[in-house]
Amino acid sequence: KGKNRVVIHLDDNDPARMNIVLNNASGVLDYFREKGQLAEVEIVVHGPGLHMLRADTSPMKDRIANMKRSMDGLEFIACGRTMTDMKRLEGKDITLLPEATVVPGGVIHLIERQQEGWAYVRP
């Protein structure tokens, strides 16, 4: 069978929600791996959710590093537009965790993934 592709959406700076998002991602990857199937999971963050992937403010640094190292098919996607807005508001560069990949717009990325047939989850 083809790959199981899931995009998980985070847009708020709540550590409890961040944990739920990370739990969902690991649960999806574990489920399909146990069935002998490949899976891809992207966690897409924008707005206040970007704090999960910021090097200076993330409460999830260690967990994200461990997940990225131990789970194939997992990507952390950061909104470039949010980064630009935060840089302007805070007057400093925004540095992300090394596990993060930047896309021009998080919402646009979510739309494109859904148009490509990815399942959408917003815990």
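Me: How do the residues lining the largest pocket divide into nonpolar, polar and charged?

Reply: The lining holds 4 nonpolar, 2 polar and 3 charged residues. Keep in mind that this is a predicted model.

Me: Now the helices. At what angle do the axes of α1 and α2 cross?

Reply: Helix α1 spans residues 15–34, and helix α2 spans residues 61–70. Their axes come within 12 Å and cross at roughly 10 degrees. Angles under 35 degrees count as roughly parallel, so α1 is roughly parallel to α2.

Me: Which residues make the contact?

Reply: From α1 come Asn19, Leu22, Asn23, Ala25 and Ser26. From α2 come Arg63, Ile64 and Met67. By class, the contact has 4 nonpolar, 3 polar and 1 charged residues.

Me: What about charges? How many salt bridges are there?

Reply: Side chains of opposite charge can pair when their charged atoms come close. In this model the count comes to 13 salt bridges. One of them joins Lys3 and Glu40. Their closest N and O atoms are 4.0 Å apart.

Me: Which parts does the pair of Lys3 and Glu40 tie together?

Reply: Lys3 lies in the segment before β1, while Glu40 lies in strand β2, so the pair links parts 37 residues apart in sequence.

Notes:
Residues numbered from 1 in each chain as written. Predicted model: local features only at pLDDT ≥ 70, side-chain atom pairs only at ≥ 80, totals over all residues. Heavy atoms only, no water. Nonpolar A, V, L, I, M, F, W, Y, C, P; charged D, E, K, R; others polar. Axes fitted to C-alpha atoms, helices over the stretch in contact; angles between N-to-C directions. Helix = DSSP H or I, 4+ residues; strand = E, 2+ residues; numbered from the N terminus. Parallel < 35°, antiparallel > 145°, perpendicular 65-115°, else oblique. Contact = heavy atoms within 4.5 Å. Salt bridge = Lys/Arg side-chain N within 4 Å of Asp/Glu carboxyl O.
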